[in-house]
Amino acid sequence: MAGQLESSAEALLGKLVEVSRVLGRRPDLTLHGGGNTSVKVTWRDVTGRDVPALMVKGSGHDLATIEADGFAPLRLDRVRELLPPTELGDLELADELRLALLRSSAPDPSVETLVHALLPHPAVLHSHSDAILALSNTPDGAALIEAALGESVLVVDYAMPGPELGAAVQMAWHACGDRQDSLEGIVVLQHGLFTVGATLEEALDRHLALAGRAENYRAQRRRTPSAVTPLPEVKGTSIAALRRQLSERAGRPLIVRRAADEQVARFLTDESLLDAACKGPMTPDHVIWTGRVPMVGADLAAYSSQYEDYFSTNRHRRGTDLTQHDPAPRVVLDPEFGLLTAGRNAREAAKVQDIYRHTMETISDAQDLGGYEPADAGHVFDLEYWAPQHEKLARTEISEPLAGRVAVVTGAASGIGRACAAELLEAGAVVIGWDISASVTETFDSPNWLGLKVDVTEPGAQHKALAEGIEQFGGLDIVVLAAGIFPAAQHLVELDPSAWRRTMNINVDSAAELYGLVHPLLKESPGGGRVVVVASKNVAAPGPGAAAYSASKAALTQLSRVAALEWAPDGIRVNLVHPDAVFDTALWTPELLAKRADHYGMTVEEYKRRNLLGTEVTSRSVGRMVREMAGGTFACTTGAQVPVDGGNERVI
């Protein structure tokens with residue numbers, strides 16, 4: 001081992017975890033990995049020597065859920081040597097901090113480690129408090145902070161996190177002289193709040209108290225909101241079309257989340273707020289998620305051109321060669337669409353929406369306090385193109401083959417439908433699962449899963465479910481038709497017309513309706529829509545007593561072949577899979593399996609493998625084929641019918 005914490009320091013680290021989680025679970029203080037915390041401890045190295053150490057949050061860790069191993073132990077004396085007069089470039093910081101680590105496996109230390117190190121107090125906590133930002137993102141930010149918080153805080157002008165911020169805080173700290181002993185914290189304008197303490201509890205108490213005083217100050221000066229007219233309804237195809245355009249600009253499919261509630265409507269109907277939003281994010285740290293500014297309206301070409309101008313103007317600020325990021329907005333504010341937020345997956349799109357809701361509130365409060373004045377475009381550019389910020393995105397790089405794709409899977413609560421949904425989720429897709437069973441809402445625990453109870457035979461139910469999916473995810477790329485019933489066996493002479501009609505209604509009629517609903521959405525899929533139909537071996541080889549089922553699956557197959565013919569010009573491919581003898585579904589109880597195996601004079605395991613290849617066909621076997629059909633493997637194929645049955649003489 002490289003060394004270890006003393007027992008008392010272990011207790012401090014445990015307290016640091018506890019205090020960090022308190023901050024991290026306050027969205028008005030920290031959002032989605034923002035903020036950082038530290039405590040100064042003693043580390044005993046392998047020689048038995050006690051070394052002053054700084055335990056600071058590792059970059060990319062979320063304070064709300066952080067564990068002890070999310071903190072990086074550093075040699076405190078070495079980190080302090082990196083402060084002025086040492087000249088340290090922002091690109092050198094990460095290497096120097098890693099060289100100061102006391103444990104090689106530790107995470108990369110926070111980019112604000114220098115501030116934590118220079119302050120003499122044992123405990124330092126940092127957040128991006130909404131209330132602090134509302135006050136400081138104004139023309140008279142320093143005066144407002146002093147009015148709200150008094151002499152207990154030191155106010156520092158904005159500086160880029162890293163060496164520049166470390167130098168700015170160091171200079172201000174040394175300049176305040178005798179005030180140091182009475183200071184409880186530091187406010188970096190347009191950035192956030194640092195508090196200090198002899199203990200972690202003291203630093204936390206001070207943090208919550210100062211943020212609370214700032215909140216009270218802004219709340220007392222907040223205008224009473226006026227009544228607002230709700231935003232109009234918007235067609236799902238319009239959202240899907242804009243999502244396609246955004247995805248094309250981004251060079252990858254994006255998930256787009258919509259909000260059109262009262263907060264959004266009030267913001268969109270105030271021109272002064274929309275103008276203010278175009279000045280920048282409430283703190284430059286948010287730029288990697290929200291972009292510098294939202295797209296106000298829906299003129300994507302104009303927005304992209306403005307982004308290119310922004311890049312050209314600032315590209316030489318850091319003295320290194322830079323490659324322009326994609327010019328697609330991640331936030332859209334539009335009187336028709338409302339608030340749209342885009343991300344590489346559902347979690348990221350929701351994160352961007354969450355951040356921008358806080359941004360809208362901060363902008364509104366800042367306007368009431370004299371006008372919204374965030375950090376300028378150059379400072380935002382510095383963070384957007386800074387390597388440590390890129391590493392945050394790299395840690396969450398999304399490389400699954402269906403990432404950013406939106407799928408609807410019918411019959412998704414069990415059996416083959418559930419297996420199809422599981423495979424698509426594993427491939428990175430967002431999946432909207434429909435099923436008549438209410439359990440579908442809890443079939444999977446994933447931000448990429450939306451389970452909806454849907455009776456596909458109920459008038460309007462499929463239209464409503466599609467609309468809900470569009471609101472959540474912005475479009476539709478993949479449709480998997482897996483819902484269906486297999487009625488009790490009946491020979492033709494005893495066929496129950498009501499059972500026939502019900503089978504046709506579920507297995508065919510609902511599919512015909514769904515095809516009419518999804519075609520306009522699939523046309524707008526970036527890269528082309530995909531339909532996969534779970535049909536049956538009974539299409540090619542029907543069995544006695546299965547007239548309704550066999551006929552319904554044959555009709556579904558013909559319907560889907562027509563769709564393949566009609567939709568190919570729109571870039572939509574339609575392929576079918578024909579399963580057989582899939583015994584791990586609810587239809588096949590252990591008792592029924594044993595009965596059928598006994599009928600053939602076989603064991604259950606032999607009966608399961610009663611096919612030419614002697615292999616067991618499972619729901620997952622079918623799900624894997626569906627996944628391939630929905631992915632790139634079948635990019636040049638439409639109208640295909642593929643058996644997943646282990647080989648059947650009658651089919652072959």
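This is a predicted model: local features need pLDDT of at least 70, side-chain atom pairs count only at pLDDT 80 or more; totals for chains, interfaces and linings use all residues.

Entry 1, terms of exposure. I call a residue buried under 20% relative accessible area, exposed over 50%, and partly exposed in between (1.4 Å probe, protein chains only). By that rule R223 is exposed, with a relative accessible area of 51%.

Residues are numbered from 1 along each chain as its sequence is written, and side-chain values use heavy atoms, with hydrogens and water left out.

Side chains of opposite charge can pair when their charged atoms come close. I counted a salt bridge where a side-chain nitrogen of Lys or Arg is within 4 Å of a carboxyl oxygen of Asp or Glu, and by this rule the count comes to 36.

One of them joins E67 and R21, at 3.0 Å from N to O. E67 sits in the loop between β3 (50-57) and β4 (71-75) and R21 in helix α1 (residues 7-24), so this pair ties together parts that are 46 residues apart in sequence. Here helices (H or I, at least four residues) and strands (E, at least two) are DSSP runs, numbered from the N terminus. E67 is partly exposed at 46%, and R21 is partly exposed at 22%.

I then looked up E361 and R218, whose side chains meet in a salt bridge at 3.8 Å, N to O. This pair links helix α14, which holds E361, with helix α8 (residues 200-220), which holds R218, 143 residues apart. E361 is partly exposed at 32%, whereas R218 is buried at 4%. Both belong to a network of salt bridges that links E215, R218, R222, E361 and D365.

R223, from my first entry, meets D270 in a salt bridge of 4.0 Å, N to O.

A pocket is an open set of points on a 1 Å grid over the protein atoms alone, where a 1.4 Å probe fits, with protein on both sides within 12 Å along at least five of seven lines; lining residues have an atom within 4 Å of a point. How many residues line the second largest pocket? I found 45, of which H32, G33, W289, K351 and T396 lie nearest its centre. The largest share of this lining, 6 residues, comes from α14.
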